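Colleague: Can you take me through this one? I have a few questions about packing.
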Amino acid sequence: MRPARAFDLFGLFGSEPEPPPPSLSALPYTLRIVGTDDSDVLRALQDTSTLYRLRQEPPPDGEGLLRRAEADLAKLPDVLSGYGYYQGSVAVRIDGTPATGQAAAAVRAAEAWRNRGLVPVRIAIDLGPLYQLRRIVVRDPVGRAFPEDVLPGRITRVDADIPARSATVLAQEARIVDHFRAQGHPFAKAIRRDPVVDDSTHVMDVTFTIDPGPIAHLGPVSVSGAPGIDPATIRSFIYAEPGDPYSPQAVAAIRRSVARIEAIGGVRVREGTALDADGNLPLFVDVSERERNLVGVSARYSTVDGPGVRAYYANRNLFGGGETFRLDADIYYLGLGNDPFATQRKIAGIGTNGLGGRLSATYVQPALWGSRNDLLANAFVTREVQQSYLVDGGGASAAIRHRFSDTFSAQVGLDAQAGRSKDALGTVHYRLIGVPASVTYDSTDNLLDPTRGVRAIASLAVYPGAVSSPGIVVAKAQGSTYYALDEEARYILAGRIGFGSVSGAPLADIPDNFRFFAGGGGSVRGYPYRTLGPIGPYNLPIGGRSVLDASLEARIKVTDTIGVVPFFDAGTAFASAVPDFDEKIRKSVGIGLRYYTGIGPIRADLAFPLDPYKGGHVRPAVLYLSLGQAF
C-alpha cells in the first residue's frame, strides 16, 4: 500500500513529499527522527543528516543505505553538542536492526524490502542533560586579564540558565570583539577560544583570547562610483572629520547620511586594512546612482475623504549635483465619502461640488557650492475641500537649510501665500508674506519603524500684517521618542506630543488652512478627522488657534513579522492662542496589529473613543489601515 499523500495547497503548508516507490534497482526508505521536541534541534539534525537530505534519492543497495547511516552516526552527535547536549547520543536502526555493531544484519534487513516496500529507518536521539554556560574569562595575547575600565564585567557577565550552545558562545565572542571595536580598536579580533566542559556538574566555562589591536582615529575618506554626481555633493553629507575617534557607529553614520541623497542608490563604506602614517584608519565610500527619472501613480479611498488619485514625476539628479525636481498632482472627490457635514455645509453656504486637489512643484539643491547648505523651493496651487471649510489658494516659498550634522539641521526662508478661505464663520481673503524658520533633530534608527532615538521639529513663522490681512504668528512643535526595553527591540515604548499656536488675529480672520484641527489617524484616533476643537455656527468644526495632542504606544513583537500595539491618544484644538485646560481633552484607547515587511510595517489600528459628544458623529470604534507606524 502506498503511503497517504497529504493535501498541500501550492506547497504552502510544507507537507512531507511522498518517497519514491519501491523498485528492483533501488531501496527507497522512510525516515523517522525521534527523541526530541525541540524544533531548533530537530531542524539542525535534519539539515545535517545525510539520510534526511537524500531521502528522495534512494541508494542502490543496502550497503549504500548503511553508509548513509554511518555518516549520520559520525556527524549528528556534534549537532547535539552544538546545542548544549554534550552527553547526547544517536542510534540508527534499519528495520529495527542497529546500524552500529550489526552492519551485515542491517544490510540484509534493508535488502529484504527490495521491490516490496519502503525500508523503515529510525534515528533515535537521547539528548541527555542540557549543559549551562557558567563563566566567561577574557585574556589578552600574553595571558593577562583586561582591567575593568577596559572591559567592564557586564560585558562578560553570564545570566543564570543560559544553555552552553555553540551559537551562544560565538555570540558572546562577537559581543566582546564589538565592545573593543566600539572603544576605537578597528582591528580587534578573537585569537582563540578555549571551552572547558564539566560533565559532573553539566556546565561549561570559556576562555577567550582577544587581541584588541591599536586604537585608531578616522582617516581620509575616499569617494568612488556615481560619476554622474558631483563628488562635492556626496562629501557634504559626510560629517566625520579626519582625526575623529573611530567607532563602528561613526562608520554607520557615514553610510546613513550619504544614503539620504536621493540620487544615490547604494552606499558601501569600507574600512582600510591598515592604519596610515598618522595612525588613522582610511575609509572608502563606494556609491551607485539611481535612475534619474521617476514616475508614480497611486489611488486611494477613504470613508472620510472619498476617492483620490495622486501622480508625480521626479528627477533625482537634474543638473549633476544631486538636485531634485518633483511635480505632484493630487485630485480627490469628497462627495463619495462618508460626509456627515454635507447638509450643514450647504446650509452654511459653503458651496462646493466636492472636487478638490493640489498641484505643486518642489526643487531641492543640496550642498550649495559644496557646503552643508541646501536650497529648498516650492510652489503650489490648491483647492482644499474639507468637511467644514473650503480654501482656494496658492503660494511659493524658498529656504536655506543648514545641516549641522546627520541628526540636526535648521532652516530659514520666505513664504508667500494668497487665497480665499470659507467656513461657517464667513469668508477670509488673505495675502500673507512671512519668514518661517525651523529646527529639526532626528536620532532615530529607522524612518518607518523607529526603535530607538528622538525626533523633534520646532518652527516659527511670522507673517506681518498687510492692507487686506492682519498679521499672524504661527508656532509649531512636535516631538516623539522611542525606547527599546530589550536588545532585540521586541518591546518598545513610543511617545509623541504635538503643539501648535497661531496668534495676532481673531479666529474669524485667520484662514482655515492656518488654523489647527485635531482628530483622526495622525492625531487622536477614534474621532472623525479634523473635528475636535471649537464648534461654530451650524454645528460645524471651525478649528482653533492652538492645539495639543499626545500619544503613547507599547509596540510588542509577538513573532518576527507580527506585532501588537496597545495605544492611548489624547488631545483637542482650542479657541485660544494657547491651550486652555479648562476645555475638554478628548481621549481614546485602542489596539493595533502590525505586519512587518522589508519596507516597513503594515498598520491596522482599532480605536475606541472615550469621550463621545452629541453632534460629533463619533462612532463606537474606528479602524485605520496604513503603512508605517502611527508616528
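Modeller: What follows covers helix packing and then cavities.
Modeller: This is a predicted model, where local features need pLDDT of at least 70, side-chain atom pairs count only at pLDDT 80 or more, and totals for chains, interfaces and linings use all residues. Residues are numbered from 1 along each chain as its sequence is written, and side-chain values use heavy atoms, with hydrogens and water left out.

Colleague: At what angle do α1 and α3 cross?
Modeller: Roughly 150°, with the axes of α1 (residues 39–48) and α3 (residues 62–82) coming within 10 Å. Axes are lines fitted to C-alpha atoms, for helices over the stretch in contact, and angles run from 0 to 180 degrees between N-to-C directions. Helices here are DSSP runs (H or I, at least four residues), numbered from the N terminus.

Colleague: Which residues of α1 and α3 meet?
Modeller: Val41, Ala44, Leu45 and Thr48 in α1 meet Asp72, Lys75, Leu76, Val79 and Leu80 in α3; contact means heavy atoms within 4.5 Å.

Colleague: And what about α3 and α4, at what angle do they pack?
Modeller: About 125°, with the axes of α3 and α4 (residues 103–111) 8 Å apart. The α4 side of the contact includes Ala103, Ala106 and Val107, and the α3 side includes Leu65 and Leu66.

Colleague: Switching topic, how many cavities of 30 Å³ or more are there?
Modeller: The search of the whole structure finds 1. On a 1 Å grid over the protein atoms alone, a cavity is a set of points where a 1.4 Å probe fits but cannot get out, and lining residues have an atom within 4 Å of a point.

Colleague: How much space lies in the largest cavity, and what lines it?
Modeller: About 40 Å³, a volume being the space filled by probe spheres set on the points. The lining is Gln386, Gln387, Ser388, Tyr389, Phe517, Tyr529 and Arg530.

Technical notes:
1 Å grid on protein atoms, 1.4 Å probe; cavity = no way out; pocket = protein on both sides within 12 Å on 5 of 7 lines; lining within 4 Å. Helix = DSSP H or I, 4+ residues; strand = E, 2+ residues; numbered from the N terminus.
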